[in-house]
Amino acid sequence: MILKLCAKIKDSSWLGLEIHVCLIKRGFDLDVYAKSALMNYYGSCRDLDSANKAFDESSDDRSFLWNEAVLVALRNENWFQALNVFQQMQVSSTRVKNTLAVSRVLQACGKIGALDEGKQIHSYTIRNAMESNLSICNSLIYMYSRNGSLELAKAVFDLMENRDLSTWNSIISGYAGHGFLENAWELLHEMEANNLKPDIVTWNSLLSGHLHHRSYKEVLTTLRSMQNAGLKPNSRSITTVLQAVGELFYLNLGKVIHCYVIRNRLDSDPHLTTSLLDMYVKNNDLHSAQAIFDGVEERNIFAWNSMISGYSFKGNFEKVVSLMNQMEREGGIPDLVTYNSLVSGYSMKGRNDESLHMIRQMKNSGLTPNVVSWTALISGSCQNGYYENALDYCYQMQASGVKPNSATVASLLRACSGLSLLKNGKEAHCLSVRNGYNEDAFVCTALIDMYSKCGDLESAYIVFQKAESKTLASWNSMIMGFSTYGHGKEAVSLFHQMQEEILDPDAITMTALLSGCKHSGLIDEGWKFFDTMETEYGITPSIQHYSCMVDLLGRAGYIDEAWDLIRQMPMEPDSTVWGAFLGSCRIHGNIELGEIAAKELFKLEPQNPVNYVLLMNIYATSKRWDDVDKIKDLMDRRSVKLGNVWSWIEINKTVNVFSALGKPQPEDGEVYFELYHLLSEIKSMGYVPDTKCVHQNIDEVEKEKTLLSHTEKRAIAYGLIKTKTNTPIRTKHFLFLA
């Protein structure tokens, strides 16, 4: 009895040892009950090895002690040893008399994923007529559920004659945890129909299931249902709900829940406090997050990481450094998550040198950069247009033995599309197929975008068609792909297919549609989509939508209608609207309205040379050379310079660049010869060069020669020379604005 008390109060003094000595002196140490108490004491207060030694020193009659040996291992959460002891017991032909031991061993099989062993123990319970024991049945349901064998768990459940609250909770938790949420709800309703009221454990299982499967709004709905059922949320409930609130960016609701936490004195729970902190960080309320952080006496690594990541993503690196120093002073040690948040923060702000420094510092501290570290670096580089760096980091990642995940592949595809590297993009596509990432929604959308931007619209459409579950982003990407290449009718047709799938469009969808209409001259369709955006789809037209409509009308020659639309806009026109209007005025030679548009653009973008060039083109078309010179003088006074213009083409994995301001290339003579030859051939077919864009007072022949120096034409001619017949030629054109 005294040994049991020592074990219960976790007494680690010499009292238990003195009792053991006393038992030896009096010859009671071989008594099975005393030995069982000793094993329990050593397992609870000392160490498992001492408990095992006490077991090994027992007599040959161990039938009673086997159960205790199993339970001691289980109480110390040494699941593998518990299972091993249980198996040894079977070998020794000792029958387990304690159903509690069997029940706990089954739970251990669930915790360590030992499905086969669990099945063997299930067979053992049947052979020994234990299958009707309620505790064992509940443990069987738990074991099968944790191992993903829901059918077997349900079979055990269905065969049970008597079920208690734990039974229902085990099966509901199993279904909810594996994402079968409809089945979980059906079981809850069946439970209520059996006059058994769900408790807090039941509801927490449903909350957790919805959270882990990203059904964030359903988490809030479940919370309301739980409260309507008369149950009060506990710390675990609130922790789950706060995580959903953080993902939904419902800051006001988060504050309401914070008040609930304070009123119910739940703020002493460290897990809940960390969830509150994380919720405020995700909702960009760093002031409130800092207040909670400052009020925590013993900060765990999760609290430190949440604050550091919040300031890092915000770009407040001074505060990040201050927190890192404070963490070091308080004895905290940065982990992989800490460094990854710093790598991501620096990379997102375009500070790649600091990101690489964090990678090196991570290695120096004994940590190994993982796929999250490298993906953060690659993704941030893509976000800031450093596509070549992104590819280089990907090669470094693979060289270090880190396998890319779906997020890495999606970022890699973005880099390939940014540089129009079709062959590299195809290699990334192969990588995604080999690793089973091609069905990932983000990778699928990135593939469609990559093929579209690299000029391979056919492959983009094949990827789109093969996608089993098409997200709105994938529909938008494909519609935009058709629109960009002037396939407006195909874009509209695809939009109608999307509606048949009962998928509501968003603002990006409408921008893609209007873009397709403007590139294909579909005036009526464009007006229809624009007019019905708000009434049919609940989308308020934004500045991008107005810009598309101005461009659509202007390109088609409806300059006055475009001008009226600009004046009727509910918001101030920005540079995209005026730029589209100025471009239309250049096409149709409308000097008066072109000057109005240019005047506005000179205010909004005084250093953008494109706007000056467009106005010069309008003047040059009307041979107003004095006005052309005035614009040139204005550019000189404002120090506006024409940036470099270049085009590139990839041939045999080599990128060949053609620049307007660069040095002459060895192949220039061959390229210009090919261009003259092509020009002669297409002129014989009726082609007349459009020299309106040449804003120089020279004769037509010289203007035609000037047009031949266009970087994209040179890139195409080079492609014709260096590639085989019928090989598609894809070039990329880029203008750097000084």
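These are numbered notes on a predicted model.

1. Ground rules. The model is predicted, so local features need pLDDT of at least 70 and side-chain atom pairs count only at pLDDT 80 or more, while totals for chains, interfaces and linings use all residues. Residues are numbered from 1 along each chain as its sequence is written, and side-chain values use heavy atoms, with hydrogens and water left out.

2. Overall make-up. The protein has 41 helices and three strands. Both are DSSP runs numbered from the N terminus: helices are H or I with at least four residues, strands are E with at least two. Of the 738 residues, 47% count as buried. Buried is under 20% relative accessible area, exposed is over 50%, and partly exposed is in between (1.4 Å probe, protein chains only). Among contacts with a separation of 6 or more, 61% join residues 24 or more positions apart. A contact means heavy atoms within 4.5 Å.

3. The second largest pocket. Its volume is about 550 Å³. A pocket here is an open set of points, on a 1 Å grid over the protein atoms alone, where a 1.4 Å probe fits, with protein on both sides within 12 Å along at least five of seven lines. Grid points are joined across faces, edges and corners, and the volume is the space filled by probe spheres set on the points. Lining residues have an atom within 4 Å of a point.

4. Who lines that pocket? The lining consists of Lys 518, Ser 547, Asp 551, Arg 555, Thr 576, Gly 579, Ala 580, Gly 583, Ser 584, Ile 587, Leu 614 and Lys 732. H35 gives the largest share, six residues. By class, the lining of the second largest pocket divides into three nonpolar, five polar and four charged residues. Nonpolar covers Ala, Val, Leu, Ile, Met, Phe, Trp, Tyr, Cys and Pro; charged covers Asp, Glu, Lys and Arg; the others, Gly among them, are polar.

5. Cysteines. The structure holds zero disulfides. Cys 454 is in no disulfide, and its nearest cysteine sulfur, that of Cys 416, is 7.1 Å away. The cut-off for a disulfide is a pair of cysteine sulfur atoms within 2.5 Å. Cys 454 is buried, with a relative accessible area of 5%. Cys 444 also counts as buried, at 6% relative accessibility.

6. Asn 424. This residue lies in helix H26 (residues 422-434). Its relative accessibility is 16%, so Asn 424 counts as buried. Not counting residues up to four places away in sequence, Asn 424 touches Tyr 395, Cys 416 and Glu 650.

7. Aromatic pairs. The structure holds 16 of them. The rings of Phe 157 and Trp 168 have centres 4.9 Å apart and planes at 80°, so this pair is edge-to-face. The pair links distant parts of the chain: Phe 157 is in helix H10 (residues 150-159) and Trp 168 in helix H11 (residues 165-177), eleven residues apart. Phe 157 is buried at 1%, and Trp 168 is buried at 2%. Phe 495 and Tyr 537 form an edge-to-face pair, 6.0 Å centre to centre with 85° between the planes. Phe 495 sits in helix H30 (residues 488-500) and Tyr 537 in helix H32 (residues 523-537), 42 residues apart. Phe 495 is buried, with a relative accessible area of 0%. Rings of Phe, Tyr and Trp (its six-membered ring) pair if their centres lie within 6.5 Å; planes under 30 degrees apart are stacked, over 60 edge-to-face, the rest tilted.

8. Aromatic cluster. Tyr 461, Phe 464, Trp 475 and Phe 482 form one aromatic cluster.

9. Thr 99. Helix H7 (residues 99-112) holds this residue. Thr 99 is partly exposed, at 28% relative accessibility. Leaving aside neighbours within four places in sequence, Thr 99 is in contact with Met 130, Asn 133 and Ile 136. Thr 99 and Asn 133 are 34 residues apart in sequence and 8.0 Å apart in space, C-alpha to C-alpha.

10. Positive phi. Most residues other than glycine have a negative phi. Asn 284 has a positive phi of about 65° although it is not a glycine. Asn 284 is in the loop between helix H17 (270-282) and helix H18 (286-295), and is partly exposed at 46%. Lys 623, also not a glycine, has a positive phi of about 55°. Lys 623 lies in the loop between helix H37 (609-621) and helix H38 (625-637). With a relative accessible area of 56%, Lys 623 is exposed.
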